[in-house]
Amino acid sequence: MTPLNMNTLADRVLQGEILTVQEGLNLLNLPDTETLRLVDAAWRVRRETFGDQVKVNVLLNAKSGLCAEDCAYCSQAKGADTGIARYRVLEPAEMLDEAKRAQAAGAQRYCIVLSGRGGTWGEVRHVAQATRLIKQETNLEVCACMGLLLGEEGQRKAETLREAGVNAYNHNLNTHEEHYADICTTHSYADRVETLTHAAQAGMSTCSGVIIGLGETPRHIVELALTLRERRADSIPVNFLIPIDGAALEGQQTTAHFTPWFCLRVLSLFRLLNPRAELRASAGREIHLRSLQPLALLVANSIFLGNYLTEAGQEASADWQMLADLGLRPAPSAAHKSLPVAEPVGV
């Protein structure tokens with residue numbers, strides 16, 4: 001195979017050209033010794049749009065467990081024996097308190113996540129009220145993640161959230177359409193696509209990404225990156241599966257091939273196929289990238305600070321030190337650009 005010219009590749013991407021599936025597969029199959037050249041091309045594309053800025057997000061697990069869906073990878077799924085905390089939705093005042101902590105920690109976006117198939121009207125109203133309070137007392141963007149938004153009722157729920165000030169709605173595609181029935185039977189890939197459509201139609205920014213390590217093929221990874229481009233996902237979290245004892249898919253086998261270099265190739269592929277998207281190095285980065293984790297932030301321009309719902313991340317101070325060492329800085333909030341971003345704690 002003729003060696004890939006990474007400078008030419010970056011030029012093509014910056015000129016608006018879309019790489020082919022075969023080119024994407026070639027990138028995923030690069031040897032480790034060539035991966036730094038790929039990271040450099042992705043860094044060039046990332047720098048063109050986002051400069052030295054990183055979007056810092058904080059997750060709130062506002063409702064834990066109590067889910068009837070059977071997503072095989074999830075610690076909160078029906079039948080999972082993972083020992084996680086289980087509780088019903090927090091009160092709006094509690095969500096506000098956690099939002100203030102997120103802002104004090106240096107976050108620009110606050111992500112309110114509820115387990116379950118889809119938010120009930122009571123839960124939607126709770127999140128709407130919390131959002132109004134958060135907008136009054138902080139300069140945070142708010143992202144809601146409340147499961148499926150289906151049919152006319154889903155449209156109305158999406159509109160209610162947007163009217164309350166929710167900036168974005170997260171609903172990951174997670175895996176390829178061809179593979180979806182292998183990891184979930186209680187809802188479909190089409191349900192997830194419909195949810196994203198309703199969120200966008202209501203005027204919310206769409207946040208949708210993937211979980212790498214569910215047993216997908218390399219072609220699935222490339223086609224997922226292209227699908228998210230076609231859907232114009234504004235924010236793309238790339239998660240690397242965290243193996244969880246007690247989940248239906250514990251993940252030891254499906255992630256056995258992961259190396260830090262492979263994970264960097266995946267992130268670089270998503271950057272080159274989605275040059276204008278906020279690309280987030282999400283769950284599993286600490287486990288699978290290990291000592292090469294800082295290189296991920298030369299490709300991605302967004303992270304979650306702290307924990308991932310039921311799984312622990314690294315200490316926030318370690319994330320801030322990593323950004324400082326790289327010469328990167330937190331991005332201003334798009335929700336209130338005229339307001340100052342809180343100084344990061346511990347930097």
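**Exercise 1: a loop arginine**

Task: Find where Arg232 sits, then decide whether Arg232 counts as buried or exposed.

Solution: 
- Step 1. Arg232 lies in the loop between α9 and β7 (235–240). Keep in mind that this is a predicted model.
- Step 2. Now look at the backbone: the phi of Arg232 is positive, about 55 degrees, even though this residue is not a glycine.
- Step 3. The cut-off for exposed is over 50% relative accessible area. Arg232 has 71% relative accessibility, so it counts as exposed.

**Exercise 2: another arginine with a positive phi**

Solution: 
- Step 1. Head for the loop between α11 (285–288) and α12 (293–296), where you'll find Arg290.
- Step 2. Arg290 isn't a glycine, yet its phi is positive at about 50 degrees.

**Exercise 3: two packed helices**

Task: Describe how helix α4 and helix α5 pack, and say which residues make the contact.

Solution: 
- Step 1. Two packed helices are described by the angle between their axes and the distance between the axes.
- Step 2. Here α4 (residues 92–104) and α5 (residues 121–137) pack at about 40 degrees, and their axes are 8 Å apart.
- Step 3. Angles under 35 degrees would count as roughly parallel, and 65 to 115 as roughly perpendicular. So α4 and α5 are oblique to each other.
- Step 4. Their crossing is right-handed.
- Step 5. On the α4 side, the contact uses Pro92, Met95, Leu96, Ala99 and Lys100; α5 brings His126, Val127, Gln129, Ala130, Leu133, Ile134 and Glu137.
- Step 6. Sort the residues in this contact by class and you get eight nonpolar, two polar and two charged.

**Exercise 4: a helix and its cover**

Task: Check the span of α8, then say what covers its buried residues.

Solution: 
- Step 1. Helix α8 (residues 189–201) has 13 residues, and 1.5 Å a residue gives an expected span of 18 Å.
- Step 2. From first C-alpha to last, α8 reaches 19 Å, which is close to that.
- Step 3. The buried residues of α8 include Tyr189, Val193, Leu196 and Ala199, along with the charged Asp191 and Arg192.
- Step 4. Their cover includes α6 (151–164), β4 (168–170), α7 (180–183), β5 (205–207) and α9 (218–230).
- Step 5. After α8 comes Gly203, with a positive phi near 100 degrees.

Conventions
Residues are numbered from 1 along each chain as its sequence is written. This is a predicted model: local features need pLDDT of at least 70, side-chain atom pairs count only at pLDDT 80 or more; totals for chains, interfaces and linings use all residues. Side-chain values use heavy atoms; hydrogens and water are left out. Axes are lines fitted to C-alpha atoms, for helices over the stretch in contact, and angles run from 0 to 180 degrees between N-to-C directions. Helices (H or I, at least four residues) and strands (E, at least two) are DSSP runs, numbered from the N terminus. Angles under 35 degrees count as roughly parallel, over 145 as roughly antiparallel, 65 to 115 as roughly perpendicular and the rest as oblique. A crossing is left-handed if the near helix is turned anticlockwise from the far one by less than a right angle, and right-handed if clockwise. Contact means heavy atoms within 4.5 Å. The expected span of a helix is 1.5 Å times one less than its number of residues. Buried means under 20% relative accessible area, exposed over 50%, partly exposed in between (1.4 Å probe, protein chains only).
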